[in-house]
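Please read the points below with the model open beside you.

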Amino acid sequence: MSKTIAGAKRLGRIPPYLFAEIDRKVQEKKRAGIDVISLGIGDPDLPTPGRIVSVLQETAADPHNHRYPSYFGLAELRESIARWYSERSGVELEPATEILPTLGSKDGISHAPLALVDPGDVVLAPDPGYTVYMTGAIMAGADPYIMPLTAQNHWLPDLDAIPEDVARKARLMWLNYPNNPTAATADRSFLERAVAFCRTHDIVLCHDAPYSEIAFDGYRPVTLFEIPGAKEIGLEFHSLSKTYNMTGWRI
């Protein structure tokens, strides 16, 4: 007699993963002999820089690197990230306590709600936006609240349109600039308003910034921690995958 194991009820609240569905449809078309240009997951069309590949080859041969690493990431890596922030944005971060390498930014994004929200809390998520903002909230037992991004508002969420009762229950807000999929940017004044809003309502502001180094015509995207008061209530996620064309480097 066969037996079916039921999954957790929370899984019933999670919609199909968008990129998996797009990939499934792309593969169907390819099997049918159709030449497909995929507008799904953002995979770079350029290779990882050769110097990075060479260093990986060298370090992979060192037995010292075959052991468990530090739970907090290599100290040298955290120090390098701190120097990058300082040189790029004039932001000073403490490597030991304010920087945490993760297994890709998705690892941090999906797990942040588990550390920050409780069942019944609200997570403010932009739409359109990365689906993990919502699924991470659902897995943590929280209720996602959609912040529409519209052309009329320059693809920025209208913070004034968030109902006061929702803001009181909100524990976490997601922003993503430069934005995917709209390519919109957020200027300093908007980020200042977002920080003020989150400080007023005791909300953790999570800024997903994988495209911070993809800009043109002399424009330099503002990092969250350049905004006064952001460090006290904010998290910022960066990505080697997008910055250095390393999406396939899952170690």
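A polar contact is a pair of N or O atoms within 3.5 Å; within protein, one must be able to donate a hydrogen and the other to accept it, and residues adjacent in sequence count only if both atoms are side-chain atoms. This is a predicted model, in which local features need pLDDT of at least 70 and side-chain atom pairs count only at pLDDT 80 or more, while totals for chains, interfaces and linings use all residues. Residues are numbered from 1 along each chain as its sequence is written, and side-chain values use heavy atoms, with hydrogens and water left out.

1. Start with Ser239. The side chain of Ser239 reaches the backbone nitrogen of Ser241 at 3.1 Å. Ser239 lies in the loop between strand 5 (234-237) and helix 10 (240-243); helices (H or I, at least four residues) and strands (E, at least two) are DSSP runs, numbered from the N terminus. With residues up to four places away in sequence left out, Ser239 touches Ser105 and Pro210, where contact means heavy atoms within 4.5 Å.

2. Is Ser239 buried or exposed? Ser239 counts as buried, because its relative accessibility is 9%. Buried means under 20% relative accessible area, exposed over 50%, and partly exposed in between (1.4 Å probe, protein chains only).

3. Helix 6 (residues 132-139) is largely enclosed by the rest of the structure, because six of its eight residues are buried. These are Val132, Tyr133, Thr135, Gly136, Ala137 and Ile138. The cover over them includes helix 5 (105-116), strand 1 (122-127), strand 2 (143-148), strand 3 (170-175) and strand 4 (204-208). Gly141 follows helix 6 and has a positive phi, near 85°.

4. The protein chain is divided into domain 1 (72-101) and domain 2 (105-250), with bounds that come from an automatic or database domain assignment. Eight residues from domain 1 and ten residues from domain 2 make the contact.

5. The size of an interface is often given as the accessible area lost when the parts come together. Domain 1 and domain 2 bury about 770 Å² between them, 50% of it on carbon and sulfur atoms; buried area is the accessible area (1.4 Å probe) that two parts lose on being put together, summed over both. In domain 1, Trp84, Tyr85 and Arg88 lose the most area to domain 2, together 63% of what that side buries.

6. Across the interface of domain 1 and domain 2 the rule finds three salt bridges. A salt bridge is a side-chain nitrogen of Lys or Arg within 4 Å of a carboxyl oxygen of Asp or Glu. Glu98 forms a salt bridge with Lys231, with the closest N and O atoms 3.3 Å apart.

7. Which residue does Glu213 meet in a salt bridge? The side chain of Glu213 meets that of Arg88 (2.7 Å, N to O). The pair links distant parts of the chain: Glu213 is in the loop between strand 4 and helix 9 (230-233) and Arg88 is in helix 3, 125 residues apart. Arg88 is buried, at 15% relative accessible area, while Glu213 is partly exposed, at 34%.

8. The side chains of Asp143 and Arg13 also meet in a salt bridge (3.4 Å, N to O). Asp143 lies in strand 2 and Arg13 in the segment before helix 1 (18-31), so the pair ties together parts that are 130 residues apart in sequence. Asp143 is partly exposed, with a relative accessible area of 31%, and Arg13 is partly exposed, with 39%.
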